[in-house]
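Subject: Handing over the structure

Dear colleague,

Here is the structure I promised to pass on to you, with my notes below it. Please keep it open while you read, so that you can find each residue as it comes up.

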Amino acid sequence: MEDQFRYVFWLAVLVMITAARSITSCSCHDKWKHVLTTNTTGQATFGSKANLTTAVLSGSDVRILLTSDSYLTSVQNVKTTGVNVCGQALMHISKASYDSFQDKAYWWFISVCTTGQVQMNRYYVGNHVSNGINKMTYEIKWFIRDFTEKALSHNINGAANFGSVTNVIDDVDVGSDVRVVFDDYAATMNSVQIGDNKDLVIGQAVWHISQKTVTPNIEFQGNDYWWFTNWATDGTLAASRWQIGDHISRGESTEAQGLTWFTDNCWMLVYQHDAAGNRVQGSLDLLRSAVLQGHRVKVMFDSISAEPDEVSVQGGHVSSVLISMVVRSPNDIRAFNQSGMWDWRILTTTGTETTLKVNVGEYVEQGRTTGTKAVSWFIDSRPWVQVLVNSKTGSVLSGSKAALVSAVHSGARVRYVLSFDPSTSDVAVHEADNLAVSGSEVSAAHIRSVSLSSFPTEVKFQPKPYWWFTQSTTTGKVDMSRWTVGEHEGRGHTSATAQITWFANY
Ligand SMILES: *[C@@H]1O[C@H](CO)[C@@H](O)[C@H](O)[C@H]1NC(C)=O
Ligand SMILES: *[C@@H]1O[C@H](CO)[C@@H](O)[C@H](O)[C@H]1NC(C)=O
Ligand SMILES: *[C@@H]1O[C@H](CO)[C@@H](O)[C@H](O)[C@H]1NC(C)=O
């Protein structure tokens, strides 16, 4: 009873804060906007290509719906070429059906262009073996949403011709997303670091695969590598290239580039604790309620701000699992450590920080620590609507499946709370990397998760972790494909059932 009261109370506080915030930035309530439909031969049958190009170069985020398959996906980076726009949508693992993976899993990277061309590039998980590249054509719906502020534009020496580094830092300090536009290319940063003297910001983007222009399209180049990048407000662009599936460097480079920085200020600080897990300000209850109401989460620790790839609630405490980071050089935060290692962390509201460094492309651990960390926790203030709760057997406990299907067709971001054991309050929260509709059912795939061990109030990286690819469906089924991190070694393909609460951000 008391818990329920607290929950309702904090929910009310959250609603009030969200409402207050919306007065100052009503654009936080802007919806994903359908700006263009291209048919299989690349003509605009709705909207205009010029409008999509303008939006991309003004820092808008992009989502893509392949209409014939009712398949909606996030896009990790976009590039314009002539009158066309292409986006890399990389977060897919091969499927046997709309709600299950293939046993022999491969990555299924797609490059989607307004020419109607969709190029699919397949690599087996954990090695550098291609399972084929081919091109198809699709009718595609393009959705955009603006970032709320242009914060800085600078030349190759870092001299500002619009805004200032301080603008960017002020926004990062309140949890903002950061998007960098470079010439005809744009990507949202997976993590951002502020320099010690508060005069430098470095954004890191890791989800990009080698590509080339094949007019009028942009295509994967073949024999591909990951292109990890650090973008700095002094004009430095550092890149580190690692062959897909191998721990083989394909080169490092540094160049000077003029960049434009956009921020999305629809975030607020809700909780802050010290390294011992003691409250400094805000409320853990408020953070937890927001997480359970579908809100996105961001953490700031040391001088790094990052959005977790997975959020877990154990015994009332919230853990952020960060796996979209690569180790930076300790001597120069603009550079990468040339050894090529993932920089994985779990931050928990208990104050615990667990880290794991593992080589990119092979399973070799370079260090594992458990310590403590002071953390600031932010949630996004955009509206998340609870559209459905399905039981473990797929019956509708609240809302409707039709509402979720309609959210997919309108380009919405979708997050969901997985409750494998509804008799406890321990849950995992995912954002859909891609969504597929089949009849009245929806299946959401989440790619960016690794295996975790559960403890009463936190989660930790398992010894010899595996990728935990999941597909969660409104039927209650959760299909799981497991592959040792860095190796082509299957660790089992099974399915379980979960009660799932679905949220849409239209
Ligand atoms: C694409 O749209 C254009 C313009 O409406 C039309 O002329 C063309 O036939 C369409 N292509 C296909 C394959 O439907
Ligand atoms: C392109 O954007 C402009 C400005 O928002 C709008 O007025 C126009 O209708 C759009 N064009 C199309 C074809 O959607
Ligand atoms: C890179 O990381 C390795 C392994 O942790 C470490 O020994 C080395 O000093 C680092 N080098 C640089 C330049 O950061």
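The notes below take the domains and then the ligands.

Please bear in mind throughout that this is a predicted model.

Domains

The protein is divided into two domains, with domain 1 covering residues 33–145 and domain 2 covering residues 385–505. Their C-alpha centres lie 22 Å apart, and the contact between them draws on 30 residues from domain 1 and 31 residues from domain 2.

The size of an interface is often given as the accessible area lost when the parts come together. For domain 1 and domain 2 this buried area is about 2700 Å², and 55% of it falls on carbon and sulfur atoms. The number of salt bridges between the two domains is one. A salt bridge links the side chains of Lys477 and Asp99, with a distance of 3.8 Å from N to O; this pair counts as a salt bridge because the limit for the distance between nitrogen and carboxyl oxygen is 4 Å.

Ligands

Ligand 1 is surrounded by Asn39, Thr40, Thr41, Gln43 and Thr45, a shell that by class holds five polar residues, with no nonpolar and no charged ones. In the side chain of Asn39, an N or O atom lies 2.2 Å from an oxygen atom of ligand 1, while a polar side-chain atom of Thr41 is 3.0 Å from a nitrogen atom of the ligand. Taken alone, ligand 1 exposes 360 Å², of which the protein buries 38%.

Around ligand 2 you will find Gly47, Ser48 and Asn51. Ligand 2 exposes 360 Å² when taken alone, and the protein buries 29% of that area.

Ligand 3 has Ser329, Pro330, Asn331, Asn337, Ser339 and Met341 around it, and by class this shell consists of two nonpolar and four polar residues, with no charged residue. The side chain of Asn337 has an N or O atom that lies 2.2 Å from an oxygen atom of ligand 3. Taken alone, ligand 3 exposes 360 Å², and the protein buries 47% of that.

A colleague

Notes:
Residues are numbered from 1 along each chain as its sequence is written. Chains are lettered from A and ligands numbered from 1 in the order in which they are written. This is a predicted model: local features need pLDDT of at least 70, side-chain atom pairs count only at pLDDT 80 or more; totals for chains, interfaces and linings use all residues. Side-chain values use heavy atoms; hydrogens and water are left out. A residue is near a molecule or strand if one of its heavy atoms lies within 4 Å of it. A polar contact is a pair of N or O atoms within 3.5 Å; within protein, one must be able to donate a hydrogen and the other to accept it, and residues adjacent in sequence count only if both atoms are side-chain atoms. Accessible areas come from the Shrake-Rupley method with a 1.4 Å probe; for residues, only the protein chains shown count as cover. Ala, Val, Leu, Ile, Met, Phe, Trp, Tyr, Cys and Pro count as nonpolar, Asp, Glu, Lys and Arg as charged, and the others, Gly among them, as polar. Domain bounds come from an automatic or database domain assignment. Contact means heavy atoms within 4.5 Å. Buried area is the accessible area (1.4 Å probe) that two parts lose on being put together, summed over both.
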